[in-house]
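Look over the sequence and the model below. Then follow the text from a surface loop to a helix and on to a sheet.

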Amino acid sequence: MNIQMVDLVSQYKNIKQEIDEAVHRVLDSGHYILGKEVGEFESAVAHYLGTNHAIGCASGTDALQVAMMAFGIGHGDEVITTPFTFVATAETIALLGAKPVYVDIDPRTYNIDPAAIGAAITKKTKAIIPVHLYGHSADMDPIMEIAGRYGIPVIEDMAQAMGAEYKGRKVGGIGAIGCISFFPSKNLGAFGDAGMVVTNDAVLAEKVRMIIVHGSKKKYYHELLGVNSRLDTVQAAILNVKLKYLESWHEARRKAAQQYNQLFQGNTVALPSEASYARHIYHQYTIRLKHRDAVSRHLAEKKIPHAVYYPIPLHQQQAFLQEGSAKGAFPVSEKAADEVLSLPMHTELTSEQQQVIVSAVLEALEERVAAPETR
Ligand SMILES: *Cc1c(COP(=O)(O)O)cnc(C)c1O
């Protein structure tokens, strides 16, 4: 049985004609930079998320960078975020000359623990970046409350959570700015790199719109320091087609997650939790296991794809070593990094495949139980 972690090709084949036509329209138009498809897709995303503005850019990483640039974040500033995330969240903070200040996570949702944010705030704090990890919203109300109390903007890293909900509202427009990634494997994926910034604030939107084209409103007149980070027209055309299917894809993922939950029922595996405030879109279906690495080896032998997002929390990454980053500094994140295991999750996953995957995980666990001397 050929099981894949993500199955982008089958998904493409299901909508091939529509995608191919959209791409060819761009190729025939000659408008390769900021063609009309970019504006159309921006409006469609703003409508989908219920935000006033959406500005395309070249990647999710760039979305985070230009969002922070719009707030003028730079040398000497601090930005609070989680150490249990993809590197881009903190990398962009550091690239701008600011310091990532980490706050540990909630062990159930893997998202920043709002109760621990207060102790990390200083006079230098210029933003708080919660990450909606795996497609599950961070607990936004208490985050917005403490940010509001100190007048600090919240930037939502929603790279994995386009369409995820918090208390019935789509994430992205809750904080000051939301940053989306359309990396091919994300729930809404382009056929290359692509990203977007969403906001309800007209002034921020205008700044971001300038920053992504070298800080200019009028060509060759540069008011701000900017970058070159536009959403590619071909990618916008593809994404425009795919956005129509996104809700049905979320539902397919939620159904697959339920199926996994049922198959694991009655076993010791810790399943992903969905908080009462959240609509999880299962960018990842991530379980927790004490003997994760042994299970991982067993799955590899059985050729069952799986992944660890992420094996090393950011405070322990070579690139970010700084004072206060010793092992044990963020114990919940460190434990999660040792125990999480993501299983195949995509819109083409069949329940037969899921049975094979779950059987292999349970088999690995039983083997561990049968071989206690290697524990
Ligand atoms: C994917 C991702 C990013 C970066 O997005 P790219 O489009 O790959 O640059 C940032 N943050 C998180 C949490 C991500 O998962």
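Ile 33 is exposed, because its relative accessible area is 56% and exposed means over 50%. The model is predicted. Ile 33 sits in the loop between helix 2 (16–29) and helix 3 (36–49). Ile 33 also belongs to a nonpolar surface patch. Leu 27, Tyr 32 and Leu 34 are the other members, and the patch covers about 390 Å².

Now turn to helix 4. Helix 4 spans residues 60–70. Nine of its eleven residues are buried, so the helix is largely enclosed by the rest of the structure. Buried here means under 20% relative accessible area. The buried residues are Gly 60, Ala 63, Leu 64, Gln 65, Val 66, Ala 67, Met 68, Met 69 and Ala 70. At the start of the helix, Ser 59 contributes a side-chain oxygen that comes to within 3.3 Å of the backbone nitrogen of Thr 61. After the helix comes Gly 72, with a positive phi near 70°.

Four strands make up an open sheet, with mixed pairing and the order 1-9-8-5. Strand 1 (53–57) and strand 5 (155–157) are at the edges. Each has a single partner strand, so one side of each lacks a neighbour in the sheet. On average, neighbouring strands of this sheet are turned by 20° against each other, direction ignored.

Strands of a sheet pair through backbone hydrogen bonds, either parallel or antiparallel. Strand 1 and strand 9 (residues 195–199) run antiparallel, joined by five bridges. Within this region, His 53 stands opposite Thr 199 of strand 9.

Terms used: Residues are numbered from 1 along each chain as its sequence is written. This is a predicted model: local features need pLDDT of at least 70, side-chain atom pairs count only at pLDDT 80 or more; totals for chains, interfaces and linings use all residues. Side-chain values use heavy atoms; hydrogens and water are left out. Buried means under 20% relative accessible area, exposed over 50%, partly exposed in between (1.4 Å probe, protein chains only). Helices (H or I, at least four residues) and strands (E, at least two) are DSSP runs, numbered from the N terminus. A polar contact is a pair of N or O atoms within 3.5 Å; within protein, one must be able to donate a hydrogen and the other to accept it, and residues adjacent in sequence count only if both atoms are side-chain atoms. Patches are made of residues with over 30% relative accessible area and no salt bridge: like charges are joined within 9 Å, nonpolar side chains (Val, Leu, Ile, Met, Phe, Trp, Tyr) within 5 Å. Accessible areas come from the Shrake-Rupley method with a 1.4 Å probe; for residues, only the protein chains shown count as cover. A salt bridge is a side-chain nitrogen of Lys or Arg within 4 Å of a carboxyl oxygen of Asp or Glu. Two strands pair if DSSP finds at least two bridges between them. Axes are lines fitted to C-alpha atoms, for helices over the stretch in contact, and angles run from 0 to 180 degrees between N-to-C directions.
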